[in-house]
Amino acid sequence: MSDGDRPINLDFKTLTITSLLFGFFLIPIHEFGHVLCDWITGHPASMSYARDHLLSGGSTPFLGLLGGPLLPLILSAIAVGQIARRANVSVFYPVAILGSIDRLALYSAGILPSDERDLAQAIGWNPYSFKYIFLSVELVLLLLVVISLIRYKVGVKTVAAIFVIPLLSFVAGAAFGVLVVERYLFPVQYGIQFGGS
């Protein structure tokens, strides 16, 4: 039996717990990507649950803008690599899926996030340029996830669960994170980001 013919060992309890955790932390991971790249470029920054800001109050550098959308994509790509190695797929499927929808969720709602607009403006590109760059990468990562599920001969119901559990976890986690954590632990940042307390 070849490696591709072996069934994968999927544990739904682990998949659900990972989905809930990563679903809640996806927004802060995005914000941490901004903060990390801000610090790398010599611009000290901090963050709340759903917002980053430079300690100097100045403009975010290009790499700082890029870091937010980039970090979830990097984590997703690492997870896809681990899935290809059949390593702990119950953990890595949710990470791969959620990391690759960080921007896709907003694009699907017809939203062009400020990161993409600011990145394009910084280098004089069309405002939608980075949307199409990030969208292309996200779709490739999702395609690789789907290919792995086909390759591992995962049943339709299991495939549905592998996608639905992380997506529902993200919706619930992000809602709790923004409406409770951000609103009550970081009310100033909540007011700046969402226009009220």
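V146 is partly exposed, its relative accessible area being 33% (buried is under 20%, exposed over 50%, partly exposed in between; 1.4 Å probe, protein chains only). The model is predicted: local features need pLDDT of at least 70 and side-chain atom pairs pLDDT 80 or more, while totals for chains, interfaces and linings use all residues. Residues are numbered from 1 along each chain as its sequence is written, and side-chain values use heavy atoms, leaving out hydrogens and water.

**View 1. The surface patch that includes V146.** V146 sits in helix 6, residues 129-151 (helices are DSSP runs of H or I, at least four residues, and strands runs of E, at least two, numbered from the N terminus). Together with V140, L143, L144, I147 and I150, V146 makes a nonpolar surface patch of about 530 Å².

View 2. G99 is buried, with a relative accessible area of 0%. Leaving aside residues up to four places away in sequence, G99 touches F22, L26, P72, L73, S76 and P94 (contact means heavy atoms within 4.5 Å). The C-alpha atoms of G99 and G23 are 9.3 Å from each other, although 76 residues separate the two along the chain.

**View 3. The chain that holds both sites.** The chain has eight helices and two strands, in the order α-β-β-α-α-α-α-α-α-α from the N terminus. Its C-alpha trace spans about 60 × 40 × 30 Å along the principal axes. Of the 197 residues, 45% count as buried.

Notes:
Patches are made of residues with over 30% relative accessible area and no salt bridge: like charges are joined within 9 Å, nonpolar side chains (Val, Leu, Ile, Met, Phe, Trp, Tyr) within 5 Å. Accessible areas come from the Shrake-Rupley method with a 1.4 Å probe; for residues, only the protein chains shown count as cover. A salt bridge is a side-chain nitrogen of Lys or Arg within 4 Å of a carboxyl oxygen of Asp or Glu.
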